[in-house]
Amino acid sequence: MTSSIDLAVIGGSGLYQFPGLENPVRQSVDTPFGKASGDVVIGDFAGRRIAFLARHGESHTVAPHRVNYRANLWALHHLGARRVIGVNAVGGIRDDMGPRVIVVPEQIIDYTHGRYTSFCDVEGAEVKHIDFSEPYTASLRTALLAAAKRAGVSVIDGGCYGATQGPRLETRAEIARMKRDGCDLVGMTGMPEAALARELELDYACLALVANFAAGCGDEAEISIEEIFAHLAAATAEVPPILAELLKA
Ligand code: HPA
């Protein structure tokens with residue numbers, strides 16, 4: 001199926017419906033890879049067509065390691081999306097990436113395991129090697145950064161996203177190792193989503209919303225889950241204005 005979808009948005013923790021989406025129509029897509037996290041909701045936003053999918057399901061019932069990333073990306077592509085913004089909750093490792101900061105990362109280190117990482121991980125499928133030197137689409141990152149600027153939302157350009165398995169948060173030692181590796185942010189859902197988007201030749205960029213300082217990085221001895229969701233709610237409110245500007249461009 002093809003339709004003119006100007007942008008697909010995959011919402012992470014704290015973003016289960018797209019605010020301000022008009023004339024929403026739900027689409028349940030059968031995929032060769034099984035069920036997506038839920039229906040794709042297509043509607044009008046900022047005068048354009050967007051497709052929204054809640055990565056963890058609309059009631060947050062799908063854990064990061066159980067998300068069917070292949071079905072999600074396949075469904076969006078099937079519905080006609082060619083540009084995807086992944087909105088991801090993250091922990092900040094770098095000092096300037098504290099709660100409520102928004103980051104458009106440019107690199108990834110993948111620490112996940114046991115996830116289906118490729119569409120060719122199927123009997124008889126042709127093996128496809130993708131170039132992943134730059135895991136996010138440069139032109140979409142640039143457009144996203146410019147949109148944030150026009151929207152008056154301050155975002156950090158760059159940084160390395162370390163993708164962990166979850167659903168638990170990390171130990172201080174794990175974060176210390178990730179910091180030594182060069183990670184600036186830690187999240188549980190950035191991979192394999194970005195790689196699968198590249199396999200489908202989708203433009204893909206990440207809007208990372210910092211919910212907390214990662215283990216051992218802030219002043220707190222422990223990370224409060226309530227605070228994570230409060231910070232996420234505040235950062236999530238900045239997402240629609242950024243995407244409205246992106247769609248206007
Ligand atoms: N670690 C991993 N994922 C996260 C975190 C974290 O500290 N905060 C929000 N998502």
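1. Helix 1 and its cover. The buried residues of helix 1 are covered by, among others, strand 1, strand 3, strand 4 and helix 4. Contact here means heavy atoms within 4.5 Å; helices (H or I, at least four residues) and strands (E, at least two) are DSSP runs, numbered from the N terminus. The buried ones are Tyr-69, Arg-70, Ala-71, Asn-72, Leu-73, Ala-75 and Leu-76.

2. Basis of the model. This is a predicted model, in which local features need pLDDT of at least 70 and side-chain atom pairs count only at pLDDT 80 or more, while totals for chains, interfaces and linings use all residues. Residues are numbered from 1 along each chain as its sequence is written, and side-chain values use heavy atoms, with hydrogens and water left out.

3. Nonpolar cores. A nonpolar core is a set of buried Ala, Val, Leu, Ile, Met, Phe, Trp, Tyr and Cys residues joined through side-chain atoms within 4.5 Å. The largest has 39 residues, and Val-40, Ala-51, Leu-73, Leu-76, Val-103, Tyr-136 and Leu-185 touch the most other members. Elements giving two or more residues to this core include strand 1 (7-11), strand 3 (40-45), helix 1 (69-78) and strand 11 (203-213). A second, separate core has 33 residues, including Leu-15, Val-41, Ala-147 and Val-239.

4. Leu-76. Apart from neighbours within four places in sequence, Leu-76 is in contact with Ala-8, Ile-10, Val-40, Ala-51, Leu-53 and Ala-81.

5. Strand 1. Because 5 of the 5 residues of strand 1 are buried, this strand is largely enclosed by the rest of the structure. Leu-7, Val-9 and Gly-11 point one way, Ala-8 and Ile-10 the other, and all are buried. Strand 1 runs parallel to strand 4, with 5 bridges between them, and parallel to strand 5, with 3 bridges; two strands pair if DSSP finds at least two bridges between them. Ala-8 has Ala-51 as its bridge partner in strand 4 and Val-84 in strand 5.

6. Leu-15. This residue sits in the loop between strand 1 and strand 2 (22-27). Leu-15 is buried, at a relative accessible area of 4%. Beyond its neighbours within four places in sequence, Leu-15 is in contact with Phe-52, Ala-54, Val-87 and Thr-236.

7. Thr-112. The loop between strand 7 (107-110) and helix 2 (138-151) holds Thr-112, which counts as buried at 15% relative accessibility. The side chains of Thr-112 and Asp-110 make a polar contact (2.7 Å). A polar contact is a pair of N or O atoms within 3.5 Å; within protein, one must be able to donate a hydrogen and the other to accept it, and residues adjacent in sequence count only if both atoms are side-chain atoms.

8. The ligand. Residues around the ligand (a heavy atom within 4 Å) include Ala-89, Gly-91, Glu-170, Met-188 and Asn-212. An N or O atom in the side chain of Asn-212 is 2.6 Å from a nitrogen atom of the ligand. A backbone N or O atom of Gly-91 lies 3.4 Å from a ligand nitrogen atom. The protein covers 94% of the 260 Å² of accessible area that the ligand has on its own, by the Shrake-Rupley method with a 1.4 Å probe; for residues, only the protein chains shown count as cover.

Key: Buried < 20%, exposed > 50% of the residue type's maximum accessible area, 1.4 Å probe, protein only.
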